[in-house]
Amino acid sequence: MVFYFTTEYGGYTIYMGKDKYENEDLIKYGWPEDVWFHVDDLSSAHVYLRMKPGMTLDDISEELLLECASLVKANSIQGCKKSSVYIVYTRWKNLKKTNQMVDGQVGFHRPENVRRMSVEKNNSIVNKINKTKVEKHPDLYQQQQQRLKEIQRDKKEKRRLEEKKKKQEEQERRKLKEERSYDRIMDTGDMVSNADFEASVNNTAAEAYEDDFF
């Protein structure tokens, strides 16, 4: 079972597992757009924010971070009793899982990409977001595979459009080059009119006749 929530700011999807066993599936079957949240140095739920494609951690607003962090704190047995706790968060793809780790435990491929923030108890935010709570039993593997296929299609389409644009630009450059080359050939300063040509021929013939006569 997975619990889904909708944020007040931006209408983003937040989700988390029911227990540590479901957390394992969430760790395994996340999306590239997902951001993982957890109480630092305490046990808590694994909460994920599903960002929009193309977003980065820097694009997450302070209000949205506060919603995610407040939900994580509220779902920590020890953390919910404290006035404030620290929350760590990072991209899902930065999570690292090894065979030696127990269920729910994770490490990081790049610890320097993990961010840390402080959050205080905020029942108002937690109550609002809990009103959007929906329980589902999704096929996480199938959803992940479908999303990865969509990403591949988007990348393929992007490459196709880039190649098309590149070809069009190359055609425009070639056309412009040909036009400039033609203009040089047809430069009127270097051309001789029919009248000038006939006059030149007549003058040459007259000069030749005079030479013969004398």
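**A walk through the model**

Guide: Let's start at Arg-116, which sits in strand β8. Keep in mind that this is a predicted model.

Visitor: OK, which side chain does the side chain of Arg-116 make a polar contact with?
Guide: Skipping neighbours within four places in sequence, Arg-116 is in contact with Tyr-86, Ile-87, Val-88, Tyr-89 and Asp-40. For the polar contact between side chains, the separation is 2.8 Å, and the partner is Asp-40.

Visitor: And how far apart are the C-alpha atoms of Arg-116 and Val-88?
Guide: Along the chain, Arg-116 and Val-88 are 28 residues apart. Val-88 is also among the contacts of Arg-116. Between their C-alpha atoms the separation is 4.4 Å.

Visitor: Zooming out, in what order do the elements of the protein run?
Guide: There are five helices and nine strands in the protein. Reading from the N terminus, the order is β-β-α-β-β-α-β-β-β-β-α-β-α-α.

Visitor: Among contacts between residues at least 6 apart in sequence, what share joins residues at least 24 apart?
Guide: The protein has 214 residues, of which 33% count as buried. For the contacts you ask about, the share joining residues at least 24 apart is 68%.

Visitor: Which element gives the most to the largest nonpolar core?
Guide: That core has 28 residues, and the ones touching the most other members are Ile-14, Val-35, Phe-37, Val-47, Leu-49, Ile-60 and Ile-87. Two or more residues each come from β1 (2-6), β2 (13-17), β3 (34-39), β4 (47-50), α2 (62-74), β5 (84-91) and β8 (115-120). With six residues, the element that gives the most is α2.

Visitor: How many residues are in the other core, the one with Val-2 and Leu-95?
Guide: This core lies apart from the largest one, and its members include Val-2, Tyr-15, Ile-27 and Leu-95. In general, nonpolar side chains in soluble globular proteins tend to be buried together. The residue count for this other core is 13.

Visitor: Back to α2: is it roughly parallel or roughly perpendicular to α3?
Guide: The axes of α2 and α3 (residues 123-130) come within 9 Å. Leu-66, Glu-67, Ser-70, Leu-71 and Ala-74 of α2 meet Ile-125, Val-126, Ile-129 and Asn-130 of α3, and by class that makes six nonpolar, two polar and one charged residues. The axes cross at roughly 90°. Since angles of 65 to 115 degrees fall in that class, α2 is roughly perpendicular to α3.

Visitor: Is Lys-73 buried or exposed?
Guide: Lys-73 belongs to helix α2. Leaving out residues up to four places away in sequence, Lys-73 touches Val-39, Ile-87, Val-119 and Glu-120, among others. The relative accessible area of Lys-73 is 3%, and the cut-off is under 20%, so Lys-73 is buried.

Visitor: What about Asp-41: buried or exposed?
Guide: Asp-41 is in the loop between β3 and β4. Asp-41 has a positive phi of about 65° without being a glycine. Most residues other than glycine have a negative phi. As for accessibility, Asp-41 comes in at 72% against a cut-off of over 50%, so Asp-41 counts as exposed.

How values were computed: Residues are numbered from 1 along each chain as its sequence is written. This is a predicted model: local features need pLDDT of at least 70, side-chain atom pairs count only at pLDDT 80 or more; totals for chains, interfaces and linings use all residues. Side-chain values use heavy atoms; hydrogens and water are left out. A nonpolar core is a set of buried Ala, Val, Leu, Ile, Met, Phe, Trp, Tyr and Cys residues joined through side-chain atoms within 4.5 Å. Buried means under 20% relative accessible area, exposed over 50%, partly exposed in between (1.4 Å probe, protein chains only). Helices (H or I, at least four residues) and strands (E, at least two) are DSSP runs, numbered from the N terminus. Axes are lines fitted to C-alpha atoms, for helices over the stretch in contact, and angles run from 0 to 180 degrees between N-to-C directions. Angles under 35 degrees count as roughly parallel, over 145 as roughly antiparallel, 65 to 115 as roughly perpendicular and the rest as oblique. Contact means heavy atoms within 4.5 Å. Ala, Val, Leu, Ile, Met, Phe, Trp, Tyr, Cys and Pro count as nonpolar, Asp, Glu, Lys and Arg as charged, and the others, Gly among them, as polar. A polar contact is a pair of N or O atoms within 3.5 Å; within protein, one must be able to donate a hydrogen and the other to accept it, and residues adjacent in sequence count only if both atoms are side-chain atoms.
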